[in-house]
There are 2 protein chains.
Amino acid sequence: MQQLSFQLFTHPFPLTFSVLRRQVLTFICYTALFLLTVLSLSVLCADEGMWLFESNSVTAQVKEKYGFNMTDDWMEHIFKSSTRFGRSGSASFVSPNGLIMTNHHVGAAQLQMHSTPENDMLKNGFYAKTLSDEIPCKGLECIVMDSVKDITDELEKITTGLQPEAAAKARREAISKIEQEEANKSNLHCEVVTLFQGGKYHLYRYKKYTDIRLVWAPEQDIAAFGGDPDNYEYPRYCVDCSFFRAYENDKPAQIQHYLKWATNGVKENELVFVSGFPGTTNRAFTRSHLEFQRDFYFPERLARLYRREVVYSAFAERSLENKRRIAHDLDAVKNYRKRAIGQLDALQTPSLWKSNEEAKESAHSRFHGDAMALPCFRLSEFYINYCYFETGEAFNSQTFRLARQLVRLALEKEKPNAERLREYRDGNIDSIKRSILNDSPIYEDVEILKLTDSLSMLFEYGNGGERQNPNSAKPIFPRNIEWSTMFSKNSPKELATKLVSGSKLRDVAERRKLLDGGFTAINASDDPMIKFVLQYDSLARKYRKLYEEQFEAPMTEIYANLAKKRFQKYGDKIYPDATFTLRISFGVVKGYEEAGKYIKPVTNIAGMFDRAESMKFKEPFNLPQSWLDNKNKLDPKTRFNLVTTNDIIGGNSGSPLINTKGEVVGLVFDGNIYSLSNNFIYTETQSRCVAVHVDVIIESLKKIYNAKRLIEELGIKN
Amino acid sequence: MQQLSFQLFTHPFPLTFSVLRRQVLTFICYTALFLLTVLSLSVLCADEGMWLFESNSVTAQVKEKYGFNMTDDWMEHIFKSSTRFGRSGSASFVSPNGLIMTNHHVGAAQLQMHSTPENDMLKNGFYAKTLSDEIPCKGLECIVMDSVKDITDELEKITTGLQPEAAAKARREAISKIEQEEANKSNLHCEVVTLFQGGKYHLYRYKKYTDIRLVWAPEQDIAAFGGDPDNYEYPRYCVDCSFFRAYENDKPAQIQHYLKWATNGVKENELVFVSGFPGTTNRAFTRSHLEFQRDFYFPERLARLYRREVVYSAFAERSLENKRRIAHDLDAVKNYRKRAIGQLDALQTPSLWKSNEEAKESAHSRFHGDAMALPCFRLSEFYINYCYFETGEAFNSQTFRLARQLVRLALEKEKPNAERLREYRDGNIDSIKRSILNDSPIYEDVEILKLTDSLSMLFEYGNGGERQNPNSAKPIFPRNIEWSTMFSKNSPKELATKLVSGSKLRDVAERRKLLDGGFTAINASDDPMIKFVLQYDSLARKYRKLYEEQFEAPMTEIYANLAKKRFQKYGDKIYPDATFTLRISFGVVKGYEEAGKYIKPVTNIAGMFDRAESMKFKEPFNLPQSWLDNKNKLDPKTRFNLVTTNDIIGGNSGSPLINTKGEVVGLVFDGNIYSLSNNFIYTETQSRCVAVHVDVIIESLKKIYNAKRLIEELGIKN
């Protein structure tokens, strides 16, 4: 049995999972006052928190609120049944033979990769009738947590006395070294994770499974039924589920900790847990940082997303081929836009800023005039330059991205490894090269469209430096002096057309030539996009340097200091912001009010057919033929999707929804529109986690997909 | 025979049409130098200009360039065959019995109005088999120009020595009086038109036809084939045509001047004329005013349109009922957006600013540091306040609009007529009341959607006054102090929901009650939207006053002065900006280059079927059943739509396209995307007028609609 090891503060000895939790409990007893912070404003009254498994606070709250005792064994079982799936999702083991359950949308890239012109697996779904039919997914990995070590003090020693920027550099280097050493020592995958904005640094050790095979996936049309229109909405009807299997030595991995399948599903008001890997939250943001997000970051981002969505949609509407070419870009923009509107709406809601009357006073005094106010204010004046030039938002195109990578790779490789831009250090070069040589088609018209729109946005921002303030000699926009000639001869559309149509970078052979030719080839190139990137590269680098030195580093430092103080005061009464590491959250199955109407927590198959019919089965409300053919076999009352009060965020996709017995009752795949505020603050009123109910998975496996082997493995009676 | 009367400058005697033109010619001879202005940069080399019929310059140019002599008789015939159709379009008489040809989209409101649940005339089209089947269109009017009088001097006497604002007021009052007096005297419809930005004021006298009946219209699906995706695009395939008839004394009006139908259509490179009522152009804008449009007006407007289009589209995608409810708003936004992108693209194109090398120097010196620079610079800092509060862009909803009208009508009626806001003076009150009592359905969800988005935009702009500049006590956005409490308790969505759901204004009976109750009822009302409007009305009025006093009045004055100088120098060598009065433009049938490809000028029926098929006949590329049923009867080579170099703009829709014989060869219904720059500048390279070719009208009247009576009346051989 693998033991969870953890070093708490300066204790030199490893602690088992249960010893650890007792230690924390003892520590917590010293903090006499239970002070609320914005981070845990409503800790006692709401189902808030993405808790570290070692936290005693979560067990205490669940005990007090729901009377359930999360024993050490129960916790360990859940902990070890959970796995991080690939680069973006969560999953769980659901059989002793390495069967893994995750979302369809988390596994979709694999389906796409294994599709052929004859068999579009996204469209048709997949079922391996026998073990030997399971499809190996090259490059896909799953990791399971083995142990954790606190290295905060170790890093602190290294950075003491250094200026923020130098400290950040020293810390980055030390972290790389520790990860490497620990990996060599343990033969495990090792990652150092920053918790509490630098208040804590933990070294996570993971067991890694590298032979993952595809077992079952339904058709995309039922997995993502309702598409973008129903994304983040509820009621919902998605079988967003797929099964994979971990192998070791070419045989199904033998797994000690896996989640059994609940036989009776889950009922309204029942206590449930989500164990998974939430990606990123920003709940420790100070008031002024939140204001920056509300008044600057999101409005700017949304303005960009709005125009892109309109421009892409208008292009798509002109021909079916256009629609096909822009589909992926358009879907992505729609998803980002919906998320950004939800988050901005949360930030514009006064009650969310003062959600707890009791905490109002303290929150106010803590956040008013906070240390972040000045950098945030200055950042709002600077950010667009960074974002347009260095992040490349003003040059939105594959052609620019490829040219930038080619140019920078050539320039950076001339330097010693340690002095290069992070993403061009030796460890990352292979992935940069893969990205450059990826031969997905690049369409000239789409490229011109995207680049024209983003260049036009840049023109609007800086108007080519032509306009003069008639009151003085000072130009109205002094910031653009360095690129004032960009539009002096060409309109955005003309420039985009020249840069894209004149470039040969759409041809992968041309890219390979420039890649192999290195610095000399880049310098000699007369490709207009390469020349364009070279012309503005020093400007982009200048903005990046300014950003890193004047904002990133000092802001990290401020947050680390705030976090240390907070951590010293509250210990594990507070949870760290999400960092794509394993967390547990608790909640209940519960409906909510929306526009004066009560939304019931659980949907059923009948509701799904009603929804499809109300939309005349038009895309994205069309159903796979298998569901239409077998409609009469299905029990219309079968529970389909459900909502719970669990505190989740992106990255939690694919997490199991677990009952008190430690059984799977559902599969988390989304949050409703109100849950988008979870980035900043959790509120129980309307924020909901959305999951697939196990019943619809069982019903469809039985009656539509005839997946007998899978049903038996899950231990479901046929 | 009606004579065109015109008073030139101070000549007291009326001039006939031909005398007038000779007078102008004489005057022109005095201007020795033919100097180019931006307004007529390329007058000699391009088919530019929306010319007054009395201009000698247009006849001279056509003579020189195309060798065609536009005789006085020819001009008069065209002039008197042209008519302004309703409130937004152009049209022409095409038979001696009062038959009028215009666009389907110009007459669409009439089709909608006369539809019943049993017969959707937009969908099914309409054909009156006999005279008695023709449908009277209540409220629809057509006007034909009778005569013109120059009243510039008369007005100048009145305003001499007054400050800009006082002058504007005196001018407005004098114009009202003149229009009234002239109408009483002549029994004609009289309108004073500002030409050359106030350089000239002309009194137009019109004969008015008030009994207009619907004769024929095709199905909307073929009239607007391609919908928004193909709007402003080419190649194109629309039968955007309908026929009406003017009646007098319940009998078809007997018309002396009407256009005959060309029997052989029109060929590539053939000389053609457009006679119609172009709405508005801004070609006299100075450089700094154009910069304001480019760097401020259009970016701000587009940002609003982008977000609305996205928000409306996302709402539409959620259900078919949503789609139906928002369809009209969404269509309008898409059209505005496409137009604004085209115009901004033109303004961002350097070559359009200096399209003629020769004129560069003079244009530059004339426009650099022009008198508009300061007001434009200050306007860019002020404009949003005016636009959000007074124009109401921040409160985008019918509920707000209705509450605003009810509140202002009540407040304004307490004042003497002359002191009221323009739109609430006695002459306008009936139309305000009609607008308030219009009982089109208003949907609560659509209202909340629209108001939420626009309030959120306001929040982004001013962020509720909460954020402080940490460098000083000064708030970052001092401008919003007066409404800083708007969002202190409610988010935009919460506020929108309260204002809309709590309001009874969606009920027309409630509106009538408040309308009848006047000032007392408004003041006593506890309707949340009425109270909201009252609360911010003085702020909105303040912005309006500032706008009118500090910008509108002085800018009008500056333009009037510039225009006077220019007019004195160039006389009728230049044409006035479009003002929805009758103009003539010349050009040829001609293709153009787009993205390196040559676009042929004329499409045909085969191309239309190809386009429909390439889009799988999906909306808006679906065809009416009549076209599908009769496809085999149609000659696939029949000419469908065509493009010409004529200089046109919105308002020209429905204008006849006329050959040198004075015959109809087409029907103008659109401009291509490049023609959108016509607002500011005309360039012949790509800007094209788009028209329906007469051939497709004839072919479909014959073979699809069996409109024998109509074909005979048009004098077409069957």
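The model is predicted, so local features need pLDDT of at least 70 and side-chain atom pairs count only at pLDDT 80 or more, while totals for chains, interfaces and linings use all residues. Residues are numbered from 1 along each chain as its sequence is written, and chains are lettered from A and ligands numbered from 1 in the order in which they are written.

Chain A has 24 helices and 20 strands; helices (H or I, at least four residues) and strands (E, at least two) are DSSP runs, numbered from the N terminus. Of the 718 residues in chain A, 48% are buried. A residue is buried if 20 or more other C-beta atoms lie within 10 Å of its own, exposed if 12 or fewer, and partly exposed in between, with C-beta atoms placed from the backbone. Two residues are in contact if their C-beta atoms, placed from the backbone, lie within 7 Å. Of the contacts in chain A between residues at least 6 apart in sequence, 77% join residues at least 24 apart.

Next come the two chains together. Two copies of a chain are related by a rotation about an axis and a shift along it. Here a rotation of 180 degrees with 0.0 Å of shift along its axis superposes chain B on chain A, with an RMSD of 0.2 Å; that is the relation of a two-fold axis. In chain B, the C-alpha nearest the axis belongs to B:Tyr306, 2.8 Å from it. Superposition is by least squares on the C-alpha atoms of residues with pLDDT of at least 70 in both copies.

The contact takes 42 residues from chain B and 42 residues from chain A. On the side of chain B that touches chain A, H10(B) gives the most, with twelve residues. That side divides into 15 nonpolar, eleven polar and 16 charged residues. Ala, Val, Leu, Ile, Met, Phe, Trp, Tyr, Cys and Pro count as nonpolar, Asp, Glu, Lys and Arg as charged, and the others, Gly among them, as polar. The copies meet through the same surface, because 100% of the interface residues of chain B are also interface residues in chain A.

Last is a helix of chain A, H16(A), residues 426–437. The count of buried residues among the twelve residues of H16(A) is zero. The contact of H16(A) with H19(A) divides into four nonpolar, no polar and three charged residues.

Note on methods: The expected span of a helix is 1.5 Å times one less than its number of residues.
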